[in-house]
Amino acid sequence: MSEPSSSESTLTLTTPIQYLPGVGPARATKLRKLGLRIARDILFLFPRNHTFPPPPTKVADLSEGEPATFIGTITDAELMSRTPGKSIFAAIVENDSGAVRIVFFNQPFRAEQLTFETQVRISGTPKLAGLRWEFTHPQYEIVQEGELPDEDAPGGLILANYPLTEGIKQSDLRRLARPLVNELAGQLTEVLPERLRTEAAQRLNAAGMELPDVLPGISDALRGIHLPESEADLTAAQTRLVFQELLVMQLALAMRRRSLTSELRAPSLECSATVRNRILRRFPFELTGDQRRVMDVIAGDMARQFPMNRLLQGDVGSGKTVVAIFAMLVAVAGEHQATLMAPTEVLARQHYATLKRMLADSRVRIGLLCGSLGAAERRDTVEKIRTGELDIVIGTQALLYGVEFHRLGLCVIDEQHKFGVKQRVTLRDGGVDPHYLVMSATPIPRSVAMTQFGDVDLSTLREKPAGRGAVHTYLAGDSWRDRWWSFVKERVAEGRQAFVVAPRVGPEVETADEELSELIDPAEPPAEDITSVHSTYEQLRTGPLKGLRVGLLHGRMASDEKQQVMETFAEGELDVLVSTTVIEVGIDVPNATVMAILGGNRFGLAQLHQLRGRVSRGTHAGHVCVFVDGDKPPQDDERLKVFEQTLDGFELAEADFRLRGPGDVLGQRQSGDARLRIADLHRDVEILQVAREMAQDWIDQDPEMESEGLEDLKSQVLRRYGNHLDLSDGA
Ligand code: ADP
Ligand code: MG
């Protein structure tokens, strides 16, 4: 179908929009609000989505107000023209199933296209006019002779829906785009050489997509996104454009990863097979496949002469600590020191105990640096770190800042999500950096990992160690409370232990986050405040859980006091621990299998999942019961429902991403936030993955993108991301 328009023989990519056919100064002003300045911009005004016409219908299947497509032959056509501007054109379209009428008001030119015996495919919404179905102003397409599709073929035009602005209608943009695409798309520079498009198509097809063997070139892709001929045509076009956008971003990130590390020096800590096996023999269990794989990757990283910068993510209980211990022992075997920073003292002490136990009969010297050390002891430890008399130092992060190491080879940061993003330590030592291993139990959605964390390498432990008990999650109404406390008593009678988590320390404290609550003065909670940890503790101890040994733990307690309570609980001398989310991070008490979360609506999905991780450590089945504040049943809360139904931390992270939208998650972090025009990080995560892998491989082989045919792609990378990523020409 072609639109009536003047000849555009002088049209070029840079023609200002106001000179485009049918535009003019007034419209041009409106179009500029959409960022359109020259003809080329319209080619890159990507549709928000497309409207697919329904498949062809028989007359008998038509119904009032239901969109339909009808294919047939024009058996009668009449232009009823009285005064100019008041014409009516009507035609009868007929096929084996019957006939319909089509009507156009004030569009006399239709009579020239829709002539007697022309075959057409019309799409629109019919209404009954007398005894006949009538389509007013349908979309239509002339079906060429011998080209009539068979009955099942999807029919009709796929229509692009553009972003709009005031005074500009969908049909205006469609009418504008069509001739430009047909005439100008062929003049664009192709930035993706064919071999690259072939490789991309191969990788995308291997990832389960259904694409042609080569991704379309730029002009076909633009035609396919503005004027798709079929769904497959549209998919191929869209994929090509999304891929290009993501590839450009990933090339920039890969170049940056490279430039960050290639300037830095780190000790090369090679790990021979003998050393490796000697280390692995220390672990009292069979490693999971993921653990082995990640250890190999880390050993490879640490053998290089520039710093490892790796994020290890794994759900709670996936066994990240063992991987960290492995890496630390590789450093020690390479005659360097290693340090592990934990977000809380409780956790630091737990790691220290684990290491002491595992390395009891070895010569590795381990130290602990934490707040509760006396001044003399601290001085002594700091001195030993400086002189190299300690091989491994565990501590809370704050305490390890500013401490001078003799020869630091590796720095492990545990539970990185607790620290926020800007926690890179600079522990330089004569121009040599340590290797970094950062661990997080908050799974990052894949798309976020590949964009925001684009400049770190990423490893994932997905597999859980064998023999883990299942966890059951319940969303409980208020009426559950009595039943739940009896259930807790039964489990305790069987020898298990329980957690009760409250969101607040006192009534005024809205957060249960340790760091924050520590800053807030304690207040005497009123007894009826069920969600404060104090009142909950008092109520349970004297009420439903009377007779059990109940302990209390929260962030405002002194460090040694907290430590004391944790140890008592870990040793089984307490049955129930009433706590704030202090227990969230990393605590390992396999015998604790039941947990009540009070005020569950106040917690984020990631936090809930962390909490649940506390009761899925042992071999017994875990039980988590979520209560909420307020009168609404917990089932009304979409997040809680997802939490109940999803055990996998990665799926939860994806769900959280979906529920909150990328805006919240993406925030304003640096690397990936340059505006994406066509890619959707959530929808296009597979394409993102392929773009990332290809970019990485490419930059590994050709760091400066100097190989033939990549000039235009390279300048696009630098144009879009040059400033953003601190890449200048030749970086
Ligand atoms: P997280 O990834 O949450 O930090 P941890 O490293 O604390 O997990 O491991 C959780 C528990 O699983 C620990 O008690 C640890 O000793 C145990 N564990 C780790 N790896 C294995 C394994 N391969 N087989 C059995 N148990 C394991
Ligand atoms: Mg851990």
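**Entry 1: a strand pair**

I began with strand β19 and strand β20 (residues 576–579), which pair in the parallel sense over four bridges; helices (H or I, at least four residues) and strands (E, at least two) are DSSP runs, numbered from the N terminus, and two strands pair if DSSP finds at least two bridges between them. Within this pair I found that the bridge partner of G551 is L577 in β20.

I noted that this is a predicted model, in which local features need pLDDT of at least 70 and side-chain atom pairs count only at pLDDT 80 or more, while totals for chains, interfaces and linings use all residues. Residues are numbered from 1 along each chain as its sequence is written, chains are lettered from A and ligands numbered from 1 in the order in which they are written, and side-chain values use heavy atoms, with hydrogens and water left out.

In helix α17 (residues 533–542) I listed V533, S535, T536, Y537 and L540 as the buried residues, buried meaning under 20% relative accessible area, exposed over 50%, and partly exposed in between (1.4 Å probe, protein chains only). These buried residues of α17 pack against α15, β18, β19 and β20.

**Entry 2: the seven-stranded sheet**

Which strands make up the sheet of seven, and in what order? I traced β12-β13-β11-β14-β15-β10-β16, an open sheet whose pairing is parallel. The edge strands, each pairing on one side only, are β12 (366–369) and β16 (457–461). On average, neighbouring strands of this sheet are turned by 20° against each other, direction ignored. Inside it, strand β10 (residues 309–314) and strand β15 (residues 435–440) pair in the parallel sense over five bridges, and R310 stands opposite L437 in β15.

I found helix α12 lying across β11 (337–342), β12 and β13 (392–396), and running at about 130° to β12. I checked the length of this helix: at 1.5 Å a residue, the 13 residues of α12 (residues 375–387) should span 18 Å, and its end C-alpha atoms are 18 Å apart, which agrees; the expected span is 1.5 Å times one less than the number of residues. Just after α12, G388 takes a positive phi of about 85°.

**Entry 3: nonpolar cores**

In soluble globular proteins, nonpolar side chains tend to be buried together. For a nonpolar core I took a set of buried Ala, Val, Leu, Ile, Met, Phe, Trp, Tyr and Cys residues joined through side-chain atoms within 4.5 Å. The largest has 72 residues, and those with the most contacts inside it are L222, F243, L247 and L713. Among the elements that give two or more residues to this core are α5 (194–206), α6 (218–226), α22 (685–701) and α23 (711–721). Helix α7 gives the most, with 14 residues.

Leaving aside neighbours within four places in sequence, I found L222 in contact with L43, F44, F46, V181, A185, L188 and L241. A second, separate core of 65 residues includes I366, C370, L408 and C411.

**Entry 4: salt bridges**

I counted a salt bridge where a side-chain nitrogen of Lys or Arg lies within 4 Å of a carboxyl oxygen of Asp or Glu, and by this rule the count comes to 28. D172 forms one with R27, the closest N and O atoms being 3.5 Å apart. D172 lies in helix α4 (residues 170–184) and R27 in helix α1 (residues 24–32), so the pair ties together parts that are 145 residues apart in sequence. D172 is buried, at a relative accessible area of 9%, whereas R27, at 29%, is partly exposed.

Key:
Contact = heavy atoms within 4.5 Å. Axes fitted to C-alpha atoms, helices over the stretch in contact; angles between N-to-C directions.
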